[in-house]
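Open the model in your viewer and get ready to select a few pieces in turn.

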Amino acid sequence: MPASKAPSARPSDVDFALEDLQVSAGNTAVVGLQWGDEGKGKIVDLLTPRFDCVVRYNGGANAGHSVVVGNERYALHLIPSGILNPDTVNVLGNGVVIDPASLLDEINHLRARGVAIGDNLRISDRAHVVFPHHKVQDALTEAALSKGRGDGAKIGTTGRGIGPCYADKAIRSTAIRVGELLHPEALREKLRVIVRIKNAMLKALAEEAGMPFTPEDADAVAKQYLAYGESLRPHICDATQLLHDAMAAGKHLLFEGANATLLDIDHGTYPYVTSSNCSSLGVYAGTGVPGQRVTNIVGIVKAYSTRVGGGPMPTELHDETGERIRKVGREYGTTTGRARRCGWLDLVAVKYSATVSGATCIGLMLLDVLAGLDRLKICVGYRDKSTGKTLANFPADADVLARVEPVYEEVAGFPAPIDGCRRFEDLPNEAQAYIRRIEAYVGVPVCMVSIGPRRDQTLVRPR
Ligand code: IMO
Ligand code: MG
């Protein structure tokens, strides 16, 4: 595999032992514990040199990880962040939905910046394929939902066709898996049926939404997707077997979560979620690696809360503080460019998702963004506004979550910038106290603290 030209060929500017991070040398998953954009990509990038394979298990091009290496910022959507390390094998597992056009764009874009992509990218033949009709269905459904009811009625999806693709996976007869892109006759035949069904459905949906609709031509779609299949052929494999072979050879796997636990289709704030199991629970079904093989689960938590799209967010701020967090934290989507909703840290939500995901330690991100605020608020309880009662647990019902008011604990902020700190002990006492409060409430140790986008702006929490 060509190695030397890739930007990450230079040594990592932070070189800490896994033990320092309380991450033992077993297979490890990195998952978001909020509503996404917690900074998972940075931690995956830091841990990557210690692992042989980085594996995506869920989601698709709805994810957006930005990773900074030296002065270069990379925005990744489908390809695991391990691609920036030339010695790592990157795997898109069976649980991922793949838009080949978007994947090939990403490959070309990375290659143009000197990143070598060859045998280091493997794609499961069991992963599902996103088609143009999935994106059309995504947009038309959102339009139909909001018709006469405004944007508040939408899920607020990324428009990448994720939900419709997973829905077809469940329907089965209207789905195509990556391996099928390599079989021209069968693909053409299957697409003729699928496109006929989709055209009929989408025409009706477009009428309902009051939107224009151009039917797809099955043979043209087949031609295009067969070409994508040819381009991706060198990367397509039985990824489940590959991962089991790797483990049998003593190699270590790092699972990279996309989206986040509160967006998990089963355990998130349904229906304002994405369509996959993005909590750590998705690792097993989405890669074929069983639970007992995964030793560490690093839960990634932002020092405050953000959310993109619709759905309840108890600690959302509509004031200057929210605006300030958005500006300082550059809280605009990597995938859609949308301004993220910002608010105080919600420990009720984090404790729930740490429990569901089985987090063994926490990576606390973007703590530097809070510097300069006199007082900080931490949500430690929910009160139901309609009954006045305190909730015992994180509610399953999004309508209940929408009517809770946060119970806040107010703590002292840290007025001076902290992005120059190099050790945990360098942090002001107030920042250390904030971290200890998180650990005490959630019951999971914080193993690393990020105070800026660079690799060296990562502090290891001493035990
Ligand atoms: P990363 O990996 C933040 C949100 C969307 C929308 C909902 C459903 O960058 O943390 P979808 O297009 O998946 O059907 O949209 O889920 N969403 C994310 N929000 N970060 C993400 O991923 C997200 N992936 C999906 O905004 O509300
Ligand atoms: Mg993102």
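Two strands pair if DSSP finds at least two bridges between them. Helices (H or I, at least four residues) and strands (E, at least two) are DSSP runs, numbered from the N terminus. This is a predicted model, where local features need pLDDT of at least 70. Residues are numbered from 1 along each chain as its sequence is written.

**Stop one: a sheet**

Select S14, S16 and S17. They form an open sheet of 3 strands in the order S14-S16-S17, with mixed pairing. Strands S14 (345-346) and S17 (404-412) stand at the edges with a single partner strand each, so one side of each has no neighbour in the sheet. Now pick S16, residues 375-384: it runs parallel to S14, and 2 bridges join them. Which residue of S16 is the bridge partner of Leu 345? It is Ile 378.

**Stop two: helices across the sheet**

H10 lies across S14 and S16, at about 70 degrees to S16. Axes are lines fitted to C-alpha atoms, for helices over the stretch in contact (heavy atoms within 4.5 Å). Angles run from 0 to 180 degrees between N-to-C directions. Next, select helix H12 (residues 429-442): it lies across S14, S16 and S17, at about 20 degrees to S16.

**Stop three: a helix pair**

Select H5 (residues 184-209) and H6 (residues 218-232). Their axes come within 9 Å and cross at roughly 140 degrees. That makes H5 oblique to H6 (angles under 35 degrees count as roughly parallel, over 145 as roughly antiparallel, 65 to 115 as roughly perpendicular and the rest as oblique). Show the contact residues, including Leu 187 and Leu 191 of H5 and Val 221 and Tyr 225 of H6.

Technical notes:
Chains are lettered from A and ligands numbered from 1 in the order in which they are written. This is a predicted model: local features need pLDDT of at least 70, side-chain atom pairs count only at pLDDT 80 or more; totals for chains, interfaces and linings use all residues. Side-chain values use heavy atoms; hydrogens and water are left out.
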